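Please look over the sequence and the three-dimensional structure shown here before reading on. The paragraphs that follow go through them part by part.

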Amino acid sequence: MSNELCEKVKAFLNEHDRFCKFCGIQLTEVAPGYAEAVLTVTDDVLNGRNVVQGGAIMTLADFAYAGAVSATGVTGVSLNCQTNFIRPGQGKTMKAVARQVHQGRKTAVYAVEVFNDDGKLAATVNITGFIIDDQPVTEVNNG
């Protein structure tokens with residue numbers, strides 16, 4: 001996939017994924033089978049223990065997966081996510097790095113690592129995805 005199309009995927013997802021936008025999550029790097037996303041930590045994503053809520057960490061990982069799989073030229077959705085929380089999410093930002101493990105015609109497997117802003121591993125997320133279209137999402141679809 002061309003760099004131009006990767007940038008188009010990144011821009012589209014950053015603009016049109018309303019939940020990630022609400023949570024303060026942005027894709028920062030997108031390449032075929034690889035993506036990085038960053039969560040800006042605010043009070044709105046903290047749980048009662050004053051650390052990043054597990055659901056926010058999983059959303060961050062899922063968004064990185066979305067960028068990575070879309071950059072391969074398809075649209076994929078998550079079928080299953082297995083998350084291992086290693087340490088509390090904390091700091092001013094958190095970063096997810098998604099890497100393709102396998103991608104076939106209809107399924108994909110991605111490994112995502114989530115780091116605190118001090119570079120320490122906070123979670124690992126293994127995502128199995130389903131390929132629903134042979135084109136990446138680059139425009140609004142109301143269906």
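This is a predicted model: local features need pLDDT of at least 70, side-chain atom pairs count only at pLDDT 80 or more; totals for chains, interfaces and linings use all residues.

A residue is called buried when its relative accessible area is under 20%, exposed when that area is over 50%, and partly exposed in between.

The side chain of Lys-10 meets that of Glu-7 in a salt bridge, with a distance of 3.4 Å from N to O. The two residues are three apart in helix 1, so that about one helical turn separates them. Glu-7, for its part, is partly exposed, because its relative accessible area is 36%.

The bridge between Lys-10 and Glu-7 is one of the structure's four salt bridges. Another joins Lys-21 to Glu-15, where the closest N and O atoms are 3.0 Å apart. Lys-21 is partly exposed at 41% relative accessibility, and Glu-15 is also partly exposed, with a relative accessible area of 45%. A further salt bridge brings together the side chains of Lys-95 and Glu-36, at 3.7 Å from N to O. Because Lys-95 belongs to strand 4 and Glu-36 to strand 2, this pair ties together parts that are 59 residues apart in sequence. Lys-95 counts as partly exposed, with 32% relative accessibility, whereas Glu-36, at 12%, counts as buried.

Which residues of the largest nonpolar core touch the most other members? This core has 39 residues, and those with the most contacts to other members are Ile-25, Leu-39, Leu-60, Met-94, Val-112 and Val-114. At least two core residues come from each of helix 1 (3-16), helix 2 (18-23), helix 3 (54-70), strand 1 (25-31), strand 2 (34-40), strand 4 (93-103), strand 5 (107-116) and strand 6 (121-133). The largest share, 10 residues, is supplied by helix 3.

From its first C-alpha to its last, helix 3 reaches 24 Å, which is close to the 24 Å expected at 1.5 Å a residue. At its N-terminal end helix 3 is capped by Gln-53, which places a side-chain oxygen 2.4 Å from the backbone nitrogen of Gly-55. When residues up to four places away in sequence are not counted, Leu-60 touches Ile-25, Ala-37, Val-38, Leu-39, Met-94, Lys-95, Ala-96 and Val-114. Among these neighbours is Lys-95, the residue that also takes part in the salt bridge with Glu-36.

The loop between strand 2 and helix 3 contains Asp-43, which counts as exposed at 67% relative accessibility. Asp-43 lies 12 residues from Gly-55 in sequence, and the C-alpha atoms of the two are 14 Å apart in space.

Thr-75 is part of strand 3, which covers residues 75-85, and Thr-75 counts as buried, with 9% relative accessibility. A polar atom of the Thr-75 side chain lies 2.5 Å from the backbone oxygen of Gln-135. Apart from its neighbours within four places in sequence, Thr-75 is in contact with Phe-130, Ile-131, Ile-132, Asp-133, Gln-135, Pro-136 and Val-137. Thr-107 is found in strand 5 and is partly exposed, its relative accessible area being 36%. Not counting residues up to four places away in sequence, Thr-107 touches His-102, Gly-129 and Ile-131. Thr-107 and Ala-96 are 11 residues apart along the chain, and 21 Å separates their C-alpha atoms.

The cysteines remain. How many disulfides does the structure hold? There are zero. For Cys-6 the closest cysteine sulfur is that of Cys-20, and the 18 Å between the two sulfurs is too far for a bond. Cys-6 is buried, with 3% relative accessibility. Cys-23 is likewise in no disulfide, since a pair of cysteine sulfur atoms must lie within 2.5 Å to count as one, and the nearest cysteine sulfur to Cys-23, that of Cys-20, is 6.4 Å away. At 11% relative accessibility, Cys-23 counts as buried.

How values were computed
Residues are numbered from 1 along each chain as its sequence is written. Side-chain values use heavy atoms; hydrogens and water are left out. A nonpolar core is a set of buried Ala, Val, Leu, Ile, Met, Phe, Trp, Tyr and Cys residues joined through side-chain atoms within 4.5 Å. Buried means under 20% relative accessible area, exposed over 50%, partly exposed in between (1.4 Å probe, protein chains only). Helices (H or I, at least four residues) and strands (E, at least two) are DSSP runs, numbered from the N terminus. Contact means heavy atoms within 4.5 Å. The expected span of a helix is 1.5 Å times one less than its number of residues. A polar contact is a pair of N or O atoms within 3.5 Å; within protein, one must be able to donate a hydrogen and the other to accept it, and residues adjacent in sequence count only if both atoms are side-chain atoms.
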